[in-house]
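Trainee: Hi, I've just opened a new structure and could use a guide. Could we go through it together?

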Amino acid sequence: MVPNSIKIPVPFEYVFPNGALFLSVDKLVDFDRLRQDDNQARDEQGNRLWVVKVMDQDPEAGKFGRSTEVKVKIAAPHQPVPPEGINLGGGFTVTPVAFTDLTVTPYNDSTGCKGERQPHKCRARLAWSIRAGAMVAPGEIARTVNAAA
């Protein structure tokens, strides 16, 4: 039997074939500890969990009313820092990012299911929870892979 919490390793290019742009990073809140001063969620090893929001650059990502924003969780003792951005001029800066050690975990997203009356309208879908080892500049993934070989 396949466990519900299976983490499937995938290459960065598989999840983000056209790359990703950094939007923000924040702590993941553990709602069971919401009233505590330190309410940040932790992984099984006790590392703090962070949520990095990125914009998926795949032109297909925004079709059918879906968002281009993707959340990637990272377990780390300190808040991940994005690489240096690229100044496009006119006050615009973009920050391409990549992620090492990506894993995906499938789950049933039933947030689209509403109503208890018949006929029941449910727009449940298969969704993916994405985790990474670290956030890096896009060119650093090849260096990380080559260094490990």
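Trainee: Let's start with T95: where is it found?

Mentor: T95 lies in the loop between β6 (92-94) and β7. Strands like these are DSSP runs of E with at least two residues, helices are runs of H or I with at least four, and both are numbered from the N terminus. Keep in mind that this is a predicted model, where local features need pLDDT of at least 70, side-chain atom pairs count only at pLDDT 80 or more, and totals for chains, interfaces and linings use all residues. Residues are numbered from 1 along each chain as its sequence is written, and side-chain values use heavy atoms, with hydrogens and water left out.

Trainee: Is T95 buried or exposed?

Mentor: T95 counts as buried because its relative accessible area is 13%. Buried means under 20%, exposed means over 50%, and partly exposed is in between, with a 1.4 Å probe and protein chains only.

Trainee: And what does T95 touch?

Mentor: Leaving out residues up to four places away in sequence, T95 touches A20, L21, F22, P82, P83, E84 and G85. A contact here means heavy atoms within 4.5 Å.

Trainee: What about P80, where is that one?

Mentor: P80 sits in the loop between β4 and β5 (86-89). P80 is buried, because its relative accessibility is 12%. Beyond its neighbours within four places in sequence, P80 contacts V25, W50, I74 and M135. The C-alpha atoms of P80 and V52 are 8.2 Å apart, although 28 residues separate the two along the chain.

Trainee: Let me zoom out. How many helices and strands are there?

Mentor: The protein has two helices and ten strands. Along the sequence the order is β-α-β-β-β-β-β-β-β-β-β-α.

Trainee: Which strands does β8 pair with?

Mentor: Strand β8 (residues 103-109) pairs with β1 (residues 8-9) in the antiparallel sense, over two bridges. β8 also pairs antiparallel with β9 (residues 125-132), over seven bridges. Pairing requires that DSSP finds at least two bridges between the strands.

Trainee: Which residues are bridge partners of T103?

Mentor: T103 in β8 is the bridge partner of P9, and R131 in β9 is the bridge partner of T103.

Trainee: Now the inside: which residues touch the most other members of the largest nonpolar core?

Mentor: They are F16, V52, V54, V72, F99 and L102, out of 24 residues in that core. Those supplying at least two residues each are α1 (12-15), β2 (20-27), β3 (49-56), β4 (69-75), β7 (96-100), β9 and β10 (134-136). Such a core is a set of buried Ala, Val, Leu, Ile, Met, Phe, Trp, Tyr and Cys residues joined through side-chain atoms within 4.5 Å.

Trainee: What does F16 touch?

Mentor: Not counting residues up to four places away in sequence, F16 touches V54, D56, V70, V72 and F99.

Trainee: How much of the protein is buried?

Mentor: Buried residues make up 29% of its 149 residues.

Trainee: Last one: is I8 buried or partly exposed?

Mentor: I8, in strand β1, counts as partly exposed because its relative accessibility is 32%.
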